[in-house]
Amino acid sequence: MLTSFTVASAQSQGAEQKPPEQGEQKPADQAKGEQKPEDQKSAEQQAEERIKQEIEEYREAAARLSLSAGSAECVWTGRRITSLLWRDDVDTARRYLDLYDRFGCSAEHLKLTFRCVIRQGPIDPKAADRLAARVHDCWLDPEGTTTAASRTTNVPPAKSGTIPN
């Protein structure tokens, strides 16, 4: 009987020790919780920076281009149309084109921008931000040669002796 009492006593002590371990985990969770607001702040700061960058891009386009190509609605729809055409989404691009025409935007500027994007060669399809940078650069200077964004984003050439896909 004495041995069964000591075994029961040892088990109850083991059970009592487990809750403090769980209690010790709570401060670690709380520490993670304290890091979340910092992460959220940095995410919020990044979002604010992106918004400021977009506003600056529209201002730059308005300053550098004619009214029909530099207005914010023309820049917004024109860049989307160019990106959609690059990704072979012609049906959606056509719908945006109706909107682009309704705003009275320059069809010639859109054509030159798309030509500029095409002339710079392929882009990694997984790199949407690189396509956006190239489209933006070509929108601002459609007659320009290779832009800084395209020089660093081209897909490496295929190995000799292989057939490209």
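Tutor: As a convention for what follows, Ala, Val, Leu, Ile, Met, Phe, Trp, Tyr, Cys and Pro count as nonpolar, Asp, Glu, Lys and Arg as charged, and the others, Gly among them, as polar. This is a predicted model, in which local features need pLDDT of at least 70 and side-chain atom pairs count only at pLDDT 80 or more, while totals for chains, interfaces and linings use all residues. Residues are numbered from 1 along each chain as its sequence is written, and side-chain values use heavy atoms, with hydrogens and water left out.

Student: How many helices does the protein chain have?

Tutor: Helices (H or I, at least four residues) and strands (E, at least two) are DSSP runs, numbered from the N terminus. The order of elements is α-α-α-α-α-α-α. The protein chain has zero strands, and its helices number seven.

Student: Which helix gives the most to the lining of the largest pocket?

Tutor: A pocket is an open set of points on a 1 Å grid over the protein atoms alone, where a 1.4 Å probe fits, with protein on both sides within 12 Å along at least five of seven lines; lining residues have an atom within 4 Å of a point. The lining includes Glu-57, Arg-79, Asp-129 and His-136. Two or more lining residues come from each of helix H3 (72-86) and helix H6 (128-140). With seven residues, the most is given by H6.

Student: How many residues of that lining are charged?

Tutor: Arg-80, Arg-87 and Asp-129 are among the residues that line the largest pocket. The lining divides into five nonpolar and two polar residues, and the number of charged ones is five.

Student: Is Asp-88 buried or exposed?

Tutor: Asp-88 lies in the loop between H3 and H4, and has a positive phi of about 65° although it is not a glycine. Exposed means over 50% relative accessible area. Because its relative accessibility is 65%, Asp-88 counts as exposed.

Notes:
Buried < 20%, exposed > 50% of the residue type's maximum accessible area, 1.4 Å probe, protein only.
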